[in-house]
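Here is a short briefing on one protein model. Look at the structure first, then work through the points by topic.

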Amino acid sequence: MQSRSSYHILYVPPELSAEWLLVAARRYWQEFRPIVLSAPELLTLLPGRAALNVTVIARRDFATALLDDLRRRVPRARFDPLVYDTYHELQMTLDGRAALRQRFGTPE
């Protein structure tokens, strides 16, 4: 279970269209209410002592470079990458997580 001093971020890179957030992640966001960010520099502004859990949405064609960049910027963060080719595939995963109340795909 997350403590009060932890943050759950849903990172949606600017390369993705609005459907990736508004359609695919809608139910997930409604269930868990993560902070949604699309600018990597904002991750560095969160308090250094707090736990930082980042669910990253990415397409296969840029996932490796994106995750490498985020890990370099915020090495203390725990990353939960979700790599899919379409927002429909992502929606199935996120809807399943919401239904099972599994923020990171496993029981907390």
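**Briefing: fold, core and selected residues**

Of the 108 residues in the protein, 42% are buried, where buried means under 20% relative accessible area, exposed means over 50%, and partly exposed lies in between (1.4 Å probe, protein chains only). This is a predicted model, in which local features need pLDDT of at least 70 and side-chain atom pairs count only at pLDDT 80 or more, while totals for chains, interfaces and linings use all residues. Residues are numbered from 1 along each chain as its sequence is written, and side-chain values use heavy atoms, with hydrogens and water left out.

**Overall fold**

- The protein has four helices and four strands. These are DSSP runs numbered from the N terminus, with helices being H or I of at least four residues and strands being E of at least two.
- Along the sequence, the elements follow the pattern β-α-α-β-β-α-β-α.
- The radius of gyration is 13 Å, close to the 13 Å that the globule rule gives for 108 residues, so the protein is as compact as a globular protein of that length. This radius is taken over C-alpha atoms, and the rule is 2.2 Å times the number of residues to the power 0.38.
- The C-alpha trace spans about 35 × 30 × 20 Å along its principal axes.
- Take the contacts between residues at least 6 apart in sequence: 78% of them join residues at least 24 apart. Contact means heavy atoms within 4.5 Å.

**Surface and charge**

- The accessible surface comes to about 6,300 Å², and 53% of that belongs to carbon and sulfur atoms. Accessible areas come from the Shrake-Rupley method with a 1.4 Å probe; for residues, only the protein chains shown count as cover.
- The protein has 15 positive and 12 negative charges, and their mean positions are 9 Å apart. Lys and Arg count as positive, Asp and Glu as negative, and His and the chain ends are not counted. Each charge is placed at NZ of Lys, CZ of Arg, CG of Asp or CD of Glu.

**The nonpolar core**

- The largest nonpolar core has 30 residues. Such a core is a set of buried Ala, Val, Leu, Ile, Met, Phe, Trp, Tyr and Cys residues joined through side-chain atoms within 4.5 Å.
- Which residues have the most contacts inside this core? They are Tyr-11, Leu-43, Val-54, Val-56 and Leu-90.
- The elements that give two or more residues to this core are β1 (6-11), α2, β3 (51-58), α3 (63-73), β4 (78-83) and α4.
- β3 gives the most to this core, with five residues.
- Not counting residues up to four places away in sequence, Val-54 touches Ile-9, Tyr-11, Leu-43, Ala-77, Arg-78, Phe-79 and Asp-80.

- Is Asp-80 buried or exposed? Asp-80 is buried, with a relative accessible area of 9%, and is found in strand β4.
- Leaving aside neighbours within four places in sequence, Asp-80 is in contact with Val-54, Thr-55, Val-56, Arg-97, Arg-103 and Phe-104.
- Arg-97 is found in helix α4. Arg-97 counts as buried at 10% relative accessibility.
- Not counting residues up to four places away in sequence, Arg-97 touches several residues, including Tyr-28, Phe-32, Asp-80, Leu-82 and Gly-105.

**Exposed residues and loops**

- Where is Arg-101? Arg-101 lies in the segment after α4 (87-100) and is exposed, with a relative accessible area of 56%.
- Arg-101 has a positive phi of about 55° although it is not a glycine. Leaving aside neighbours within four places in sequence, Arg-101 is in contact with Glu-31 and Phe-32.
- Arg-33 also has a positive phi of about 55° without being a glycine. Arg-33 lies in the loop between α2 (26-32) and β2 (35-37).
- Pro-14 sits in the loop between β1 and α1 (19-22). Pro-14 counts as exposed at 60% relative accessibility.
- Asp-61 lies in the loop between β3 and α3. Asp-61 is exposed, with a relative accessible area of 57%.

**Distances between C-alpha atoms**

- Pro-14 and Met-92 are 78 residues apart along the chain, and their C-alpha atoms are separated by 21 Å.
- Asp-61 and Pro-75 are 14 residues apart along the chain, with their C-alpha atoms separated by 23 Å.
- Arg-101 and Arg-71 are 30 residues apart in sequence and 26 Å apart in space, C-alpha to C-alpha.
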